[in-house]
Amino acid sequence: MALSRAHLQLAVEAVDRASGRLRGIIDAHFGHYCVGAVAPDARVRTETGRAATHFFEFQESATWGRATAELFAARPALADPDAVSIEQAAYVAGYLAHLAVDEVFVHFCQAHARSTERAVSIGLTYALERGWNDPSGALARAAAAVHAFDPVEIDLIVATEPLTKLRQWAHSLALATSPADIVRVFARADGRPDDPAKAERTAAERVAAGRKLFGDDVAERFATLAAAEIDRRLAAYERGDGARYDSPSLRAGLDAAPPAASGDVRA
């Protein structure tokens, strides 16, 4: 799946495109939104644990595109942004952005690789990262917001302890300035030697593998599709229609043209 760095970048870029009431809510509680945008990864590292916080199955394409509706089926009290605190609404909006990005991620894997092998997902994870030369931009804002977050009196959807650990992780990844930096963050977290030369080689291999599988322009294509999917979900949530949201094109191969009404609310 996408790393916290990509989730935060895409989520912040979505805010910059937004307008209306939800934009004001997110601006007022930007930290809640950013933490929501990484929160689904605060989970047990198993497929079952992933499904419990992502509300879809990586290997079951029939579940792709339905995660927003499944989240609200499990947490109906969160479905109406007017019925919760503005802090809660901002957090849920970030959570929806995360689900959108990861469902686009599995859609890419299905369409191009027809495989769920770990090498495929790792290659895509590294190849889709972008924005390395913008130290004061979206990721710096997100890193500061995640670091300062105080999870008081909202439904986090995930467990508090792993989310607290994830915030530290997300802060480090958001400040990474190269794919090699990402490799080094993982090495330090695992207690392995921090070898810059090895990190450069490993990162280069992963990026190259991802681009070979998905194309040299995968980062731009992924960002475009993920941005559109985030925008549709946030618009549905703002309207109060999130509980009926579905994105059927994500259950189709990427080589097939997505339906014109992709992301419409089910009747």
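In what order do the elements of the protein run from the N terminus on? They run α-α-α-α-α-α-α-α-α-α-α-α, with twelve helices and zero strands in the protein; helices (H or I, at least four residues) and strands (E, at least two) are DSSP runs numbered from the N terminus. This is a predicted model, in which local features need pLDDT of at least 70, side-chain atom pairs count only at pLDDT 80 or more, and totals for chains, interfaces and linings use all residues. Residues are numbered from 1 along each chain as its sequence is written, and side-chain values use heavy atoms, with hydrogens and water left out.

**Whole protein**
- Of the 267 residues, 52% count as buried (under 20% relative accessible area, 1.4 Å probe, protein chains only).
- Among contacts (heavy atoms within 4.5 Å) between residues at least 6 apart in sequence, 75% join residues at least 24 apart.

**Helices H8 and H9**
- H8 (residues 138–148) and H9 (residues 160–174) pack at about 160°, with axes 9 Å apart; axes are lines fitted to C-alpha atoms over the stretch in contact, and angles run from 0 to 180 degrees between N-to-C directions.
- The two helices are therefore roughly antiparallel (angles over 145 degrees).
- H8 contributes Leu139, Ala143, Val146, His147 and Ala148 to the contact, and H9 contributes Arg167, Ala170, His171 and Ala174.

**Ala174**
- Ala174 lies in helix H9 and is buried, at a relative accessible area of 4%.
- Beyond its neighbours within four places in sequence, Ala174 contacts Arg5, Leu8, Leu139 and Ala143.
- The C-alpha atoms of Ala174 and Gln9 are 8.1 Å apart, although 165 residues separate the two along the chain.

Note on methods. Angles under 35 degrees count as roughly parallel, over 145 as roughly antiparallel, 65 to 115 as roughly perpendicular and the rest as oblique. Buried means under 20% relative accessible area, exposed over 50%, partly exposed in between (1.4 Å probe, protein chains only).
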